[in-house]
Amino acid sequence: MSARHPAVPAAPPAHGWMRRVRRAVQPVVAVVVLAAMAAALYLVVVNAVLLGRMTAEVQVARRHSADLADATDEAQLLLQTVTQLGETAATQDSVVQSGLLLRHLTVAAASFPPGAPEGDELREIRRRLAAFPWDRLQVADGRSNPLRIQAMALASSSERRLEFLRNAQEAHFYDTTITSLDAKRNSQAAIGALVALVLVVGTAGLVGLTRRNRGNVARAHQALEGEVSERHAAEEALRASEGRYRSLVQRASDLTVLTDVAGVVTFASPSAETLLGFTPAELVDLPLVDHIDHADRGIAAAVLTELAAAPGLVRTVELRLRTRDGQVRLVEAVCQNLVGDPDVGGVVWNARDVTDRRALEDELTRQANHDPLTGLPNRSLLLTRLSSAVRALPGTPGRAPAGSGEARCLSVLLVDLDGFKSVNDTLGHPAGDELLMYAAERLRACVREGDTAARLGGDEFAVVLPNASRADAIAVSRRIVESLRRPVQVGGQEVSIGASVGIAHREGQSSAADLLRDADIAMYVAKNTGKGHHVVFEPTMRVRAARRTALQQQLARAVDLGEIEVHYQPIVDLGSYRVRGLEALARWRSPEGPLVPPDEFIPIAEETGAIVPIGRNVLLQACHDMQRWRSSVADARDLQVSVNVSVRQVLSGVLGDDVADALEDSGLPAAALVLEITESAQLDHPERLAAEFARLKRLGVSIAVDDFGSGYSSLSFLLGLDADVLKIDRTLLDFDTTRRGSLVQAISDLGRTLGLTVVVEGVETSEHLARAREAQCDAAQGFHFSRPLLPQHVPALLAGGPVIPFDVAAVRRGERVSRRA
Amino acid sequence: MRCAERAIGGITALGAAVALLAGCGDGDGASSDAGTAPVTSPSIVSTVLRSPSLRPGQPIPTPTASPVLTLTGKIGITNSGEALHLDVATIDAVGLRQVSLFEPWVKKTTSFQGVWLADLLKVAGVPQSAAVVHLTALDDYKVDLTMADVRAGGVFLATKTGDGRPIPISDGGPTRIVFVGDVPSGRSAGKWIWSLQSLDVQ
């Protein structure tokens, strides 16, 4: 300033006060300018530090965002791979894809500082994915494979969690940077003032400044301008990222809603319109709960209460939302209390529409758990429900005390259709399927809500009654038996079937598997005791069932091990008391030693099919024995041998060949062979039986109807079979009234009328014999003449002439096997 | 008066200095890998585990194990049409080494076994005229490395973990590129491509 002195020398002295004032003011101005500059400089420094920090944060946030985006993409690809497994993807693809996702998760987790919740969340997602056996996903697995559904669910939930992290991350980045930007904007004025001051002071002092000073000012000027332009650049960058964030929220199909802790909406993303049909403006200022389905409002309120109490807490919840047009959309909402965050100041709800995905998952699960034909739950779902019912009920200490019939317990009914196989065989599989659908429908109608009716496979169904009294369970069984007995129309024909039901009540600590097995045992008992009814499981059945199983296994090998023996019981002519034939009887010498009675093992053999080889073996032995006796014993030249055949053997289609082979192999004339078939077994397939027997008769063998009078008598069948011999069932002999005695007479008359040889079985006493003779039967067999003999004892019997009857009581006392005259 | 003038000048200078400092702070962290390469890399260290059994000029048979890497483009040796398929054993035959380095992605010092990429490319018959290698990962991530960078050393093709086990895909396997010593080509973490699928030399 002093430099300007010479420029005003002519100033009038009157102006001396001005000079004095100027001199006095100049230091004050300088001090004010200095203070202003110091303040502005302080702001500049603070801002510089802030900006530096922000730049670093922007870089880190960008890195986080990119890492999370990569991981989200990989998770999406994994879901796609699992979905397309078997079509365009192979098992190896899911292994590779899961590996790539795991790597990205490791990298993303490492980019967060230790202890950051995001890092923990990423490691948790990684842990769950790493634990999954991706290499066990088989291409051949149907969509309904539980492992695959699990894989899809895992991939999809991982993707969701990652996307939420990413959105939260972007939001956090945006909020921080915007906050910083606001602070900076406020200080921008100060920077401007500083620049102006520096410029003014710099210009004013330019003249008196040294060259060095001038250089300093120029550099300061330059630096500050650079600073300002950088501020602008940063501001631009922030605007750009704000735009990016906005567009992210706008593009996202997820609905992002901000509410206060009372649940009133303060912000909603534009996707509200696509998801709910409401514009964001229509949602704001109203309670969010208004748009939640009534059923889920309680859950939403509970979550809100929980969140309100704990800032920072994150909860995932499934909610059904109501759209404007009244539809229900299922969303998976991830909610976080960010009330403490000044930039958010509320609860964030990030909701994704999972309606379609859930529907798909539900459908896949349903397919995996249901029988496609009948729509009933399948064995797997039944076992699940049964197991949970078992867990829900504590085991009872033992059998329920007497009189507690009303006590509730868990019961399992096993339902097996009677006669289903023959419908399948005769009307074909489509008719069989139709029948199963009807049966399933009726079964479903018999159970209450909460009970489970399931198809276990084939014609086997099961019902679980988780909470019913024993009486209820029996009532349900009756209803089932009644309902399934009613005829149905399938394949254009009316068909009658029936059902056998086994019932098991839960006793003690029995498991789901125990219950099913017990019900199965009871069902078998029902089957074997006449079908079409129910049987309640008793522990003794288990013992019998075990013995049956053991017998089944031993029986399968009996023929190969030579354990089937043939014994012979003479058939005695009632005129001459001479032996006219022998009935071959199968005996099984079991590995345990004793002979197993035929009425115990024949039904099992019938059931398992072992009857076919056993029957063939007996036939062959009998033909050989008889041929040997006929050629070696003088009186035996015209003897016949009777061999029992079962329906199963006849229907197996190989009996004709077996008979022809046995005759050829042994040399026995066909006329010497009588095939006996039990009358009670003839009703199932009359046409096929008749055809098979016609074929056998053409071979020259005789046919005998066995046990006549014990079952459903069918005269037409007797005629259709073209039988030669009628064997009257032993039970008819035991009727000792005159009136019933005449029953043997009547049948004998009938037989004779039809030209049949009449043989009476089970003659054990002289009264039986008298009755048989009175009825003019042709022949008789029974203990009164002889019990079945071992083959080695037969020649002696045959050589001994007429058989003298004796009191069967002696035999029963075990005194002797037979007596000859 | 003079005192005040000097004070103003001093403050101006101080302000300029502070502003300058602040400016430097803002620009921090913007280092690029476009800088000039150092003449020497004293920290490129590797331990030789097995001397090379496969040398330049030798034919490379079709791999017996499942191939992990496919080379195409300007290569002098192929074993399947225009391509060279390699399994881990074949790669390692180029000269198995062990290296230790700071992995920038998981932020840990880690050991790997593998070979110098330069050695492998030499064995594959890559000519001097080749300029760049395009690397592609299983997830289609792509990275380019100049042949000059590869030849300058430090670019390592890892095939095994430090204890000699295969690298699982979840750790960036079966093969990945890592950079040993603070070589300029590896200063950008983006170049550390993992789960390699193929190399195309051009």
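Aromatic rings of Phe, Tyr and Trp are taken as a pair if their centres lie within 6.5 Å, and in this predicted model a search of the whole structure finds seven such pairs over all chains.

**View 1. The aromatic pair of Tyr568(A) and Trp629(A).** The ring centres of Tyr568(A) and Trp629(A) lie 4.9 Å apart with their planes at 80°, so the pair is edge-to-face. Tyr568(A) belongs to strand β13 (residues 564-573) of chain A and Trp629(A) to helix α17 of chain A, so that the pair links parts of the chain 61 residues apart. Both Tyr568(A) and Trp629(A) are buried.

**View 2. The aromatic pair of Trp116(B) and Phe156(B).** With ring centres 5.2 Å apart and planes at 85°, Trp116(B) and Phe156(B) form an edge-to-face pair, which joins strand β5 (residues 108-116) of chain B to strand β8 (residues 155-161) of chain B. Trp116(B) counts as buried at 12% relative accessibility, and Phe156(B) is buried with a relative accessible area of 0%.

**View 3. The largest nonpolar core.** This core holds 77 residues, and among those that touch the most other members are Leu555(A), Tyr568(A) and Val659(A); its largest share, nine residues, comes from helix α17 (residues 611-632) of chain A. Not counting residues up to four places away in sequence, Val659(A) touches Leu619(A), Leu673(A), Leu675(A), Leu696(A), Leu699(A) and Val701(A).

**View 4. The crossing of helices α14 and α15 of chain A.** The axes of α14 (residues 512-528) and α15 (residues 539-558) of chain A come within 10 Å and cross at roughly 75°, and the two helices are therefore roughly perpendicular to each other. Residues making the contact include Arg517(A) and Ile521(A) of α14(A) and Met541(A) and Arg548(A) of α15(A), and the contact residues divide into five nonpolar, one polar and four charged.

Definitions and conventions
Residues are numbered from 1 along each chain as its sequence is written. Chains are lettered from A and ligands numbered from 1 in the order in which they are written. This is a predicted model: local features need pLDDT of at least 70, side-chain atom pairs count only at pLDDT 80 or more; totals for chains, interfaces and linings use all residues. Side-chain values use heavy atoms; hydrogens and water are left out. Axes are lines fitted to C-alpha atoms, for helices over the stretch in contact, and angles run from 0 to 180 degrees between N-to-C directions. Helices (H or I, at least four residues) and strands (E, at least two) are DSSP runs, numbered from the N terminus. Angles under 35 degrees count as roughly parallel, over 145 as roughly antiparallel, 65 to 115 as roughly perpendicular and the rest as oblique. Contact means heavy atoms within 4.5 Å. Ala, Val, Leu, Ile, Met, Phe, Trp, Tyr, Cys and Pro count as nonpolar, Asp, Glu, Lys and Arg as charged, and the others, Gly among them, as polar. A nonpolar core is a set of buried Ala, Val, Leu, Ile, Met, Phe, Trp, Tyr and Cys residues joined through side-chain atoms within 4.5 Å. Buried means under 20% relative accessible area, exposed over 50%, partly exposed in between (1.4 Å probe, protein chains only). Rings of Phe, Tyr and Trp (its six-membered ring) pair if their centres lie within 6.5 Å; planes under 30 degrees apart count as stacked, over 60 as edge-to-face and the rest as tilted.
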